[in-house]
Amino acid sequence: MGVRFFGRKATRFGVPFILLVVGGSFGLREFAQLRYDFRTRRTISKEDAEKVGIKMKDAKEVTLESEYEKIAQIDTSNWENVRGPRPWEEGNKLYEEAVERVKKMEAGK
């Protein structure tokens, strides 16, 4: 009886398919939950950003028109592709500043 039961096409292909559909729905639920977990992030205030070392401008200073005017003044026909420094290379000022900020934050805790 067991050979005939497991030998049927419905059993051989149907049971794994149903397990895949049911298991996939549980897996998909976990990935969909990530979307809602990270949606509840709050915005950072100017004071909190300055504590970390980020300089924020007022919202009135930065507008779409002002940024467009800055970009319009740039000469885009003559440019040179310059490779940026990598974090592990010597003399990378931005990386060194970031490490110092992290050290200050850890010392302040």
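Asparagine 92 sits in the loop that links α4 (64-72) to α5 (93-108); helices here are DSSP runs of H or I with at least four residues, strands are runs of E with at least two, and both are numbered from the N terminus. Is asparagine 92 buried or exposed? Its relative accessibility is 7%, so asparagine 92 counts as buried (buried is under 20% relative accessible area, exposed over 50%, partly exposed in between, with a 1.4 Å probe and protein chains only). The side chain of asparagine 92 also reaches the backbone nitrogen of leucine 94, at 3.4 Å.

A word on the model itself: it is predicted, so local features need pLDDT of at least 70 and side-chain atom pairs count only at pLDDT 80 or more, while totals for chains, interfaces and linings use all residues. Residues are numbered from 1 along each chain as its sequence is written, and side-chain values use heavy atoms, leaving out hydrogens and water.

Now step back to the whole chain. You will find five helices and zero strands. The chain's radius of gyration is 28 Å, well over the 13 Å that the globule rule gives for 109 residues, so the chain is more spread out than a compact globule (the radius is taken over C-alpha atoms, and the rule is 2.2 Å times the number of residues to the power 0.38). Along its principal axes, the C-alpha trace spans about 80 × 50 × 40 Å. Buried residues make up 4% of the 109 residues.

Note on methods:
Polar contact = N/O pair within 3.5 Å; in protein donor to acceptor, adjacent residues only side chain to side chain.
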